[in-house]
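This report walks through one protein model, from a ring cluster to a metal site and then to the helices around them. Please keep the sequence and the 3D view open while reading.

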Amino acid sequence: SLVRKAYVYSAKAHRGQVRTNGEPYLTHPLEVSYIVGQLRLDTASVCAGLLHDTVEDTGATLVEIEEQFGPDITFLVRGLTKLEKINFHSAEEAQAENFRKMLIAMSRDLRVILVKLSDRLHNMRTLRFLREEKQKRIAKETLEIYAPLANRLGIHWIKTELEDQCFKYLHGPEYRDLAESIKRTRLEREQYIERVIDALRRELSNNKIEGEVSGRPKHLWSIRQKIKKSGGGLDALFDILAFRVIVDEVAECYEVLGVVHSCWKPVP
Ligand code: MN
């Protein structure tokens, strides 16, 4: 009922506002709170996702939000509002200040940052509607601050999605070339991943280790970074795939590593 109340409040506050793509503004807080839900955060965080732009962009006030939703949700909305309010002359100055504010917010309540990351993720997903200069600025900030932050917090799926979105806006032609070459060899690669996963599962069971095995192609940005580092092309790159084995105990990690090294020769 609290989430429903926050939804109605947000719908009323943002009534009449539209995003640059012409959709009702409400779609944004809705999508943000949906991402917050995907992160499996609590009710207060989902509500904060719905309310996060009301104080900044509408007539709503923190006093009113406190009356309606109590101190916990208000604390989160206040933290998110503070992160929005930045007016500086240079981008560097703004970014440094933004980063400082985020660190402070994080030390008080991690949920603020998690909702903020959800906010940024949705903004990146809808970045194509903004002017090119603004796209580049936001993408740069995202790549320098938000993606590393998501990485540090261990939210791999947000990190990779943010990085690939940034890649698209910061190096458009390069992104499209790479995406195209990766696509051409997709079937081959997927079959290869299946084969390796089967082999790994077989070896684990031969060695009586219980583990969860998965494999995936690396995301575009990390492939790009590898190409840059190696100085070669995509063809010269042999580690665009990654495999993961999850086991219960740290000691088993080393057993698995031993099994892997007995099947494939490690590169020093
Ligand atoms: Mn927002």
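Are phenylalanine 167 and tyrosine 175 buried or exposed? Phenylalanine 167 is buried, and tyrosine 175 is buried as well, where buried means under 20% relative accessible area, exposed over 50%, and partly exposed in between, with a 1.4 Å probe and protein chains only.

The model is a predicted one, in which local features need pLDDT of at least 70 and side-chain atom pairs count only at pLDDT 80 or more, while totals for chains, interfaces and linings use all residues. Residues are numbered from 1 along each chain as its sequence is written, and side-chain values use heavy atoms, with hydrogens and water left out.

## Overall layout

The protein chain has 13 helices and two strands, these being DSSP runs numbered from the N terminus (helices are H or I with at least four residues, strands are E with at least two). Its C-alpha atoms fill a box of roughly 65 × 40 × 30 Å along the principal axes, and buried residues account for 42% of the 268 residues. Of the contacts between residues at least 6 apart in sequence, 66% join residues at least 24 apart, a contact meaning heavy atoms within 4.5 Å.

## The aromatic cluster

A search of the whole structure finds three aromatic pairs; rings of Phe, Tyr and Trp (its six-membered ring) pair if their centres lie within 6.5 Å, and planes under 30 degrees apart count as stacked, over 60 as edge-to-face and the rest as tilted. Two of the pairs are set out here.

| Ring pair | Centre to centre | Angle between planes | Class |
|---|---|---|---|
| Phe167 and Tyr175 | 5.3 Å | 90° | edge-to-face |
| Phe167 and Trp221 | 5.3 Å | 70° | edge-to-face |

The pair of phenylalanine 167 and tryptophan 221 links distant parts of the chain, since the former belongs to helix α9 (residues 156-170) and the latter to helix α12 (residues 220-230), 54 residues apart. Tryptophan 221 is buried, as is phenylalanine 167, and ring pairs link Phe167, Tyr175 and Trp221 into a cluster.

## The manganese site

Which protein atoms are donors of the manganese ion? They are His28 (NE2), His52 (NE2), Asp53 (OD) and Asp119 (OD), at 2.2 to 2.3 Å from the ion, where donors are N, O and S atoms within 2.8 Å of the metal (3.2 Å for Na, K and Ca), and sites may look incomplete because water is not among the atoms. Their spacing in sequence reads H-x23-H-D-x65-D. Histidine 28 lies in helix α2 (residues 27-38) and histidine 52 in the loop between α3 (43-51) and α4 (54-57), so this pair ties together parts that are 24 residues apart in sequence. Both histidine 28 and histidine 52 are buried.

Aspartate 119 lies in helix α7 (residues 110-125) and is buried, with a relative accessible area of 3%. Its side chain is joined to that of histidine 28 by a polar contact of 2.8 Å, a polar contact being a pair of N or O atoms within 3.5 Å; within protein, one must be able to donate a hydrogen and the other to accept it, and residues adjacent in sequence count only if both atoms are side-chain atoms.

## Helix α7

Of the 16 residues of α7, 13 are buried, so this helix is largely enclosed by the rest of the structure. Leucine 114 also has its place in α7 and counts as buried at 11% relative accessibility. Beyond its neighbours within four places in sequence, leucine 114 is in contact with Leu39, Leu41, Leu153 and Ile155.

In helix α11 (residues 186-206), Arg189, Ile193, Val196, Ile197, Ala199, Leu200 and Leu204 are buried. Seen down the helix axis, the buried residues of α11 fall within an arc of 165°, so they line one face; the arc is that of the directions from the axis to the C-beta atoms. These buried residues pack against α10 (172-184), β1 (212-217), β2 (241-246) and α13 (250-263), whereas on the other side of α11 Leu187, Glu188, Arg195, Arg202 and Asn206 are exposed.

Most residues other than glycine have a negative phi. Lysine 208, in the loop between α11 and β1, has a positive phi near 55° and counts as exposed at 74% relative accessibility. Arginine 40, in the loop between α2 and α3, likewise has a positive phi, of about 60°, and is exposed at 75% relative accessibility.
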